[in-house]
Amino acid sequence: MTRGATSGRIEARFASLREIGRAAFIPFIMAADPDYKTTLEILKGLPGAGADIIEIGVMYSDPMADGPAIQAAGLRAKTGGARVTKTLDMVRDFRKEDDTTPIILMGYYNPIYIYGVQTFLADACEAGVDGLIVVDLPPEEDTELCIPALEAGMHFIRLATPTTDDKRIPAVLANTSGFVYYVAVAGITGTKSADKSAIHTAVKHLKRHTDLPVAVGFGIKTPAQVAEIGKIADAAVVGSALVDIIEANLDDNGNAKAGLVNKALEFVAELSKGLQSSEKVLLK
Amino acid sequence: MRIIPLMNTPNTYRTGPDEFGHFGIFGGRYVAETLMPLILEVERAYDAAKADPSFQAELDQFLAQYVGRPSPLYFAERLTEYFGGAKIYFKRDELNHTGAHKINNCMGQILLARRMGKKRIIAETGAGQHGVATATVCARFGLECVVYMGATDIERQAPNVFRMKLLGAKVVPVTSGTATLKDAMNDALRDWVSNVNDTYYLIGTVAGPHPYPTMVRDFQAVIGSEAREQILAAEGRLPDSLVACIGGGSNAMGLFHPFLDDTQIRIIGVEAAGHGIESGKHAASLTGGKPGVLHGNRTYLLQDDDGQILDAHSISAGLDYPGIGPEHSWLNDSGRVEYVSVRDDEALEMFQLCSSLEGIIPALEPSHALAHIKKIAADLPAEHLMIMNMCGRGDKDVFTVADALGVKL
């Protein structure tokens, strides 16, 4: 496999954060929750609110690794007209104003498979997507999308989990690029939280096997938790808690109430603030 | 030396899958990383069990004494006369303990879970037959049992819900997504991801990530192996055709697999066409779907052009699934097995006909197979031997059927 040239945005972002000694903050929002107009507004405001990298959820009818919050976001996105083509259009719109903040699409394989892997990769690269997180593609299925993605210059960010044992770590890391996403709990999104020391041990363990940055997600909900993760990992991901803010600011018909975008961005600002002051523990 | 190119027709249809769980392009292991080590553990444990004669001996004993195997192969004389063509045999898997073929697989997997030291069993169920069979074996071996069932299905299958509770299972209503079988499977997978240490996921059909499609097939293949011996004993030769209904496809796979390499035998799988394929309200993944990835494997799925999975519809809750086992998808594409579909109303008619002619109330699922037999039997000669899998009894369906016929109970 020959890896294609990437956009370089993810590498540049981690490099500049490394210089100032701070971890990255990565918020997750579901595309079209509750509609594309609102998602795009939030998206445009996220870098200013402290997002270093942005994860955009690609709706799938059967999200087997997601808890109630993101499942509900997916159903709202379905009503909001979510489609892969429209999500790529939204990224294009975002890129007109921001050419530096990395964008990662997160979801499941089937919508990409049905779109057509090669067409999808070409369209996603052109739209300005920097990386993919595809939950249901373990290393055993690398030939499906991971290898073609790397060849196309698209980062393929793999999940490592508490069940990833020593035997699997090399396979999990082999074709990972951009960064590694450590799933802090054996569970689904937005439910239980792991204790800090267990995460610390796991991140240190991963660091022994890779030079890539390690992000931590699943069960991170508060500014304090984000700050804690910022001390022991290279990035903190918050999804369900932010999606909950969106849900709380919908009217009875499921439409965005006035002020939803600001509420979401204020929450992101609050979450990311913890990282500005937190000194990173030496990881190596 | 020149290497002889592979021919398009395989020498055997029975060696699949490959070591990665692929049947051609179908099958595979499309699951979250959290589950991967667990699935590999199940695969290792199953391989070890298969190689251990004491495992098969234990399974055989329970199948004989607890399940009631072998099930008879019965000449359906009056139905044969009525159709006036092929000689029709029923493989009577509706006579098994719990009233369907589901327990064959549950007994195999529960013995495996015990070998693996698992204490907590989870399962998904649609109509409740697999849930009841799982709850039954859990009761027998004193294991905790949690069954995920769509809220919609819980309403329409109240007797089976009560049965599971009597057997000591906890039935969890699934309200996510469309609150049906596919969502029950999603929630069971979410449970497994969250309880990785003590839990075993007992999948009820020939779907899911490798090794499930293979393992469930192997446990169900007892149906076909028995039928083969029984027809040889009764007729002195192999049958000319096999017919079985297909939701996920475990009863059909179980009957078909031991006969796949007897290529002179015509094999027919019958999907549920619901209100008719053209209505869009059906459960015929092969006839009306296309390949995609769901629940850990690639297979034919009912889906839209954005890759979103669509709702299935069938009067038979056991066939109401938007996918099909990956091996069926492969057998379809390779042309070895013919797949057809019949509508709700055609199945309902046969439900009544079989009851009154044979004194056997069939489940709505095999009523679909009967409805296809009705279409072809008359044109076949009297010496044509046909075996249909009577995979479940219809007691569970009397409320649904009464409702469909406008009868108030």
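The following questions and answers examine selected features of this predicted model.

Q: Which residue of chain A forms a salt bridge with Arg298(B)?
A: Side chains of opposite charge can pair when their charged atoms come close. Arg298(B) lies in strand β12 of chain B and its partner in the loop between β4 and α7 of chain A, so the pair joins two chains. Both partners are buried. With an N to O distance of 2.3 Å, the partner is Glu144(A).

Q: How many residues apart in sequence are the parts that the salt bridge between Glu41(B) and Lys118(B) ties together?
A: The closest N and O atoms of Glu41(B) and Lys118(B) are 3.7 Å apart, and a salt bridge requires a distance within 4 Å. Glu41(B) belongs to helix α1 of chain B, whereas Lys118(B) belongs to the loop between α4 and β5, so the pair ties together parts whose separation in sequence is 77 residues.

Q: Is Lys118(B) buried or exposed?
A: A residue counts as buried when its relative accessible area is under 20%. The value for Lys118(B) is 7%, and Lys118(B) is therefore buried.

Q: In which helix do Arg190(B) and Asp187(B) both lie?
A: The side chains of Arg190(B) and Asp187(B) meet in a salt bridge, at 2.5 Å from N to O. An α-helix has 3.6 residues a turn, so residues three or four places apart point the same way. Arg190(B) and Asp187(B) are three residues apart, about one turn, and both lie in helix α8 of chain B.

Q: Are the axes of α14(B) and α15(B) roughly parallel or roughly perpendicular to each other?
A: The two axes come within 8 Å and cross at roughly 95°. The residues in contact include Phe351(B) and Cys354(B) in α14(B), and Leu364(B) and His368(B) in α15(B). Angles of 65 to 115 degrees count as roughly perpendicular. The axes of α14(B) and α15(B) are therefore roughly perpendicular.

Q: How far apart in space are Thr189(A) and Ser240(A), C-alpha to C-alpha?
A: Thr189(A) is found in the loop between β7 and α9 of chain A, and it is buried at 7% relative accessible area. Beyond its neighbours within four places in sequence, Thr189(A) is in contact with several residues, including Phe218(A) and Ser240(A). Although Thr189(A) and Ser240(A) are 51 residues apart in sequence, their C-alpha separation in space is 6.8 Å.

Q: What is the phi of Phe218(A)?
A: Most residues other than glycine have a negative phi. Phe218(A) lies in the loop between β8 and α10 of chain A, and at 9% relative accessibility it counts as buried. Although Phe218(A) is not a glycine, its phi is positive, at about 80°.

Q: How many of the eight residues of helix α13 of chain B are buried?
A: The buried residues of α13(B) are Pro326(B), Glu327(B), His328(B), Ser329(B), Trp330(B) and Leu331(B). The helix is thus mostly covered, and the number of its buried residues is six.

Note on methods:
Residues numbered from 1 in each chain as written. Chains lettered and ligands numbered in written order. Predicted model: local features only at pLDDT ≥ 70, side-chain atom pairs only at ≥ 80, totals over all residues. Heavy atoms only, no water. Axes fitted to C-alpha atoms, helices over the stretch in contact; angles between N-to-C directions. Helix = DSSP H or I, 4+ residues; strand = E, 2+ residues; numbered from the N terminus. Parallel < 35°, antiparallel > 145°, perpendicular 65-115°, else oblique. Contact = heavy atoms within 4.5 Å. Buried < 20%, exposed > 50% of the residue type's maximum accessible area, 1.4 Å probe, protein only.
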